[in-house]
Amino acid sequence: MNLKITHICENVKNLCRRTGRTAGIYKNCFNVLTEDNELVTFFKKTERFSTRAVVTNGCEDMTSLPISDGMTVTGYEKCIIVGNVVFEIDSPKIITTKRTKITGREDIEKNIGILKKTVEKYGRKSLLFENKVLSEKVKNGFWLLRKNPLQGFGALIGLGVGLTPSCDDIVSGISAYFYLNGIGERFNGILAKYLYENGDFATTAVSKNLLLDVANGYINKSLYNLIYSVMNDGKETEKCALDMIDYGSTSGTETCCGVILGYLLSREREFREWL
């Protein structure tokens, strides 16, 4: 069975020649982890994908492919082979995911208010905040984050359920907001260092890779558009928030919460002074 790779994100194009294994197969995509535990995600044809995407055509449901978890994935110059499925590589379009800082400076407080109302009205409830024990851990983790990010990351990264635990998604929103605002270089540097040293056992492989991308300025289109709208005229803020909320079960909602929290943290004088 042959399928064609049409698009590849710039930061994973060199990973496609490596050997790895499948690690999670879903209707819209399947994940591959290389021998170095780096993530590549094969998506069916779509406009919504992560910063680790390889976009293919010819398949509407990845679970229908003769692929199972743990299968060997071998990359070559012209193709990637997964079991009996061959993904042909023939001049795919390279997707830019490295973002430049956003220079717009409109009424951010007003636009954050729009985002907050949208999340309150349409956001998906996270079990993390409905469980009293976990909720207290979250509060303690973010209190630590204000005082010492390294300690905060130790308390928060990996807290929650799913491929990208809830607190990882929140931290991702904070990190992206700081990066695109041109602040928080130290914050993101500490986050990246923490993940390089501890990510393999602190959280999931998928979440570690995606968080590292954000800390280094690789931000997916939906999150970039949301923060751009917040920092500019705000006319698209609700629309962009709804698009973000639609990611995953609760991941998009939690990322939106992270953007709001990033704004609030950037307003705190004590926190901003060491950013």
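You are looking at a predicted model, in which local features need pLDDT of at least 70 and side-chain atom pairs count only at pLDDT 80 or more, while totals for chains, interfaces and linings use all residues. Residues are numbered from 1 along each chain as its sequence is written, and side-chain values use heavy atoms, with hydrogens and water left out.

**Stop 1: the salt-bridge network**

Stay with R52 and D213, and show their side chains. They form a salt bridge whose closest N and O atoms are 3.0 Å apart; the term stands for a side-chain nitrogen of Lys or Arg within 4 Å of a carboxyl oxygen of Asp or Glu. This pair links distant parts of the chain, with R52 in the loop between β4 and β5 and D213 in helix α7 (residues 205-215), 161 residues apart. Helices (H or I, at least four residues) and strands (E, at least two) are DSSP runs, numbered from the N terminus. Salt bridges that share partners join R18, D36, E38, R52 and D213 into one network.

With a relative accessible area of 6%, R52 is buried, whereas E38, at 25%, counts as partly exposed.

Now bring in R18. E38 forms a salt bridge with R18 as well, the closest N and O atoms being 3.7 Å apart. R18 lies in the loop between β1 and β2, so its pairing with E38 ties together parts 20 residues apart in sequence. R18 is partly exposed, at 28% relative accessible area. The whole structure holds 12 salt bridges.

**Stop 2: aromatic rings**

How many aromatic pairs does a search of the whole structure find? The search finds eight. Rings of Phe, Tyr and Trp (its six-membered ring) pair if their centres lie within 6.5 Å; planes under 30 degrees apart count as stacked, over 60 as edge-to-face and the rest as tilted.

Select F42 and F87 to see a tilted pair, 5.1 Å centre to centre with 55° between the planes. F42 belongs to strand β4 (residues 39-43) and F87 to strand β8, 45 residues apart. Both of these residues, F42 and F87, are buried.

Then move to F153 and Y194, a tilted pair with 6.3 Å between centres and 45° between planes. F153 lies in helix α4 (residues 149-156) and Y194 in helix α6 (residues 185-202), so the pair ties together parts 41 residues apart in sequence. F153 and Y194 are both buried.

**Stop 3: two backbone angles**

Select N37, in the loop between β3 (29-34) and β4. Its phi is near 65°, a positive value in a residue other than glycine. N37 counts as partly exposed, at 23% relative accessibility.

Finish at S91 in strand β8. The phi of S91 is near 55°, again a positive value in a residue other than glycine. Is S91 buried or exposed? At 70% relative accessibility, S91 counts as exposed.

Definitions and conventions:
Buried < 20%, exposed > 50% of the residue type's maximum accessible area, 1.4 Å probe, protein only.
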